[in-house]
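Here's a quick tour of a protein and the molecules that sit with it. Have a look at the sequence and the structure first, then read on.

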Amino acid sequence: MKNAKKIHIETYGCQMNFSDSEIVASILKENNYDFTDDIKIADIIFVNTCSIRENAEERVRKRLQYFKSLRKKKPGLVIGLLGCMADRTKTALMDEEQLLDLIAGPDAYRHLPQLLEQVGTGHRAIDTILSLDETYADITPVRLDSNGVSAFISIMRGCENYCSYCVVPSTRGQERSRDAASIVGETRNLFETGYREVTLLGQNVNSYSWNTANGLVNFANLLAQVATVNPLMRIRFATSHPKDISDELLQTIARYPNLCKAIHLPVQSGSNHMLDKMNRKYTREDYQNRIQAIRQILPGCAITTDIIAGFCDETEEDHVETLSLMRWVGYEAAYMFKYSERPQTLAADTLIDNVPEDVKDRRLKEIIDLQQELSLASNRKDIGKTFEILIEGKSKRSDNQYFGRNTHNKVAVFSKTLAVPGDYVSVTITGATSATLLGEIAPN
Ligand code: 5AD
Ligand code: SF4
């Protein structure tokens, strides 16, 4: 579009946020805005923000200072803040720093065209109202930064689990599921345009629930519907809450080869004392029971997790229990964090962030070191095995190599063949690091 205003959008935080940026892009393209990767030529800069840990917010604040310097050189440059920091920071950032022209929370993206018009008339615009029913179900996302092979589909929004450390219920509001038919339709569309892998996203996908004239669609039913779109379309999902991952769901995953055998099941801590304070609603034993169910129903399934080190009142014994549970499960991979107190959470209101910083650092390091060992052991076990790999693109290290993933979500690197991204190839694993499998195309 000629003379259309150009928007540059930067995204921080989780996959859900990246998926939201694609919804934002779609809404604004419909309204005749253009997008650019080049921040220097942008008329409007949006930053889609995350509040999960303090350092996520700090990064955004630094970035905003840089945008401010750009605006000095280009008066009229519009700066907007989207996402999870919107509600929490609106007064501070708008009034004190005089920096933002627009703030829109996660449920306000449909209003962006009107908000931008308001900014165009010289007014600041804010909409941080959270909704009970917004799911953007009818919006076909514009795929940003896409490899053309794998895409994310948001299937629900919000969260009502109230883990005591977590800011999400306050930034993203009540849980609501998206129309199942629209999810299946989006999957079909993606398949028809060449995509071969989708990841279904929600804060707690296991509580997905959609009412239809023919009855209730739960997450297992939804997965079965999405799996039948095409056997060549791989399906992944995140995130599962250990308290509601059912045998029915595991049996559904077992039934369809294209439902990937990889489950992300955040444990957060191996200590019942901590799990109780975190309000996770399961015990170490409950969690172990679910791992046993996965091992039994889905032998060989990869299991990954999230862990928080140094939560309120965490003792050395609690920490050791986390390490021992990690060994017991033998996770393929983990996201590991130091506890960061967030305003407007149960923990901030009722607990004391009393583990000293150096202790948090040391415990986190022990967790990371152990995970490195477990990941390497898991990858070494794959040497000699042959996997079906979906090619995603050229490897970062070499133009002569491709990279792709197996069903376990492990990255494999191998010499290029005549196959192209989006094709499946059989790769025999010949070597491994803790992060990557190395392999060769298997002879037919
Ligand atoms: N401090 C540290 N880590 C956190 N997470 C969520 N809230 C916090 C916090 N306040 C981690 C959890 C969650 C992941 C997305 O981020 O492990 O599963
Ligand atoms: Fe995602 Fe949570 Fe960060 Fe929001 S606060 S962007 S939901 S990780």
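Between domain 2 and domain 3, about 620 Å² of area is buried, and carbon and sulfur atoms give 52% of it. Buried area here is the accessible area (1.4 Å probe) that two parts lose on being put together, summed over both. On the domain 2 side, A302, L376 and N379 lose the most area to domain 3, together making up 63% of what that side buries.

Ten residues of domain 2 touch eight residues of domain 3, where contact means heavy atoms within 4.5 Å. What holds for charged pairs? There are zero salt bridges between domain 2 and domain 3, a salt bridge being a side-chain nitrogen of Lys or Arg within 4 Å of a carboxyl oxygen of Asp or Glu. Helix α13 (residues 357-381) gives the largest share of the domain 2 side, six residues; helices (H or I, at least four residues) and strands (E, at least two) are DSSP runs, numbered from the N terminus.

## The ground rules

This is a predicted model, where local features need pLDDT of at least 70, side-chain atom pairs count only at pLDDT 80 or more, and totals for chains, interfaces and linings use all residues. Residues are numbered from 1 along each chain as its sequence is written, chains are lettered from A and ligands numbered from 1 in the order in which they are written, and side-chain values use heavy atoms, with hydrogens and water left out.

## The domain layout

The protein splits into domain 1 (6-127), domain 2 (297-381) and domain 3 (386-441), with bounds that come from an automatic or database domain assignment. Taken over C-alpha atoms, the centres of domain 2 and domain 3 are 29 Å apart.

## Around ligand 1

Which residues surround ligand 1? They are I52, R53, Y165, Q268, D306, I308, F337, K338, Y339, S340 and R342, each with a heavy atom within 4 Å of the ligand.

Now zoom in on some atoms. A polar side-chain atom of Q268 sits 2.7 Å from an oxygen atom of ligand 1, and a side-chain N or O atom of R53 is 3.0 Å from an oxygen atom of the ligand. For S340, a backbone N or O atom lies 2.7 Å from a nitrogen atom of ligand 1.

## A salt bridge across the sequence

The salt-bridge count comes to 32. One of them joins the side chains of R157 and D20 (2.9 Å, N to O). R157 is in strand β8 (residues 156-157) and D20 in helix α1 (residues 15-30), so this pair ties together parts that are 137 residues apart in sequence.

Technical notes. A polar contact is a pair of N or O atoms within 3.5 Å; within protein, one must be able to donate a hydrogen and the other to accept it, and residues adjacent in sequence count only if both atoms are side-chain atoms.
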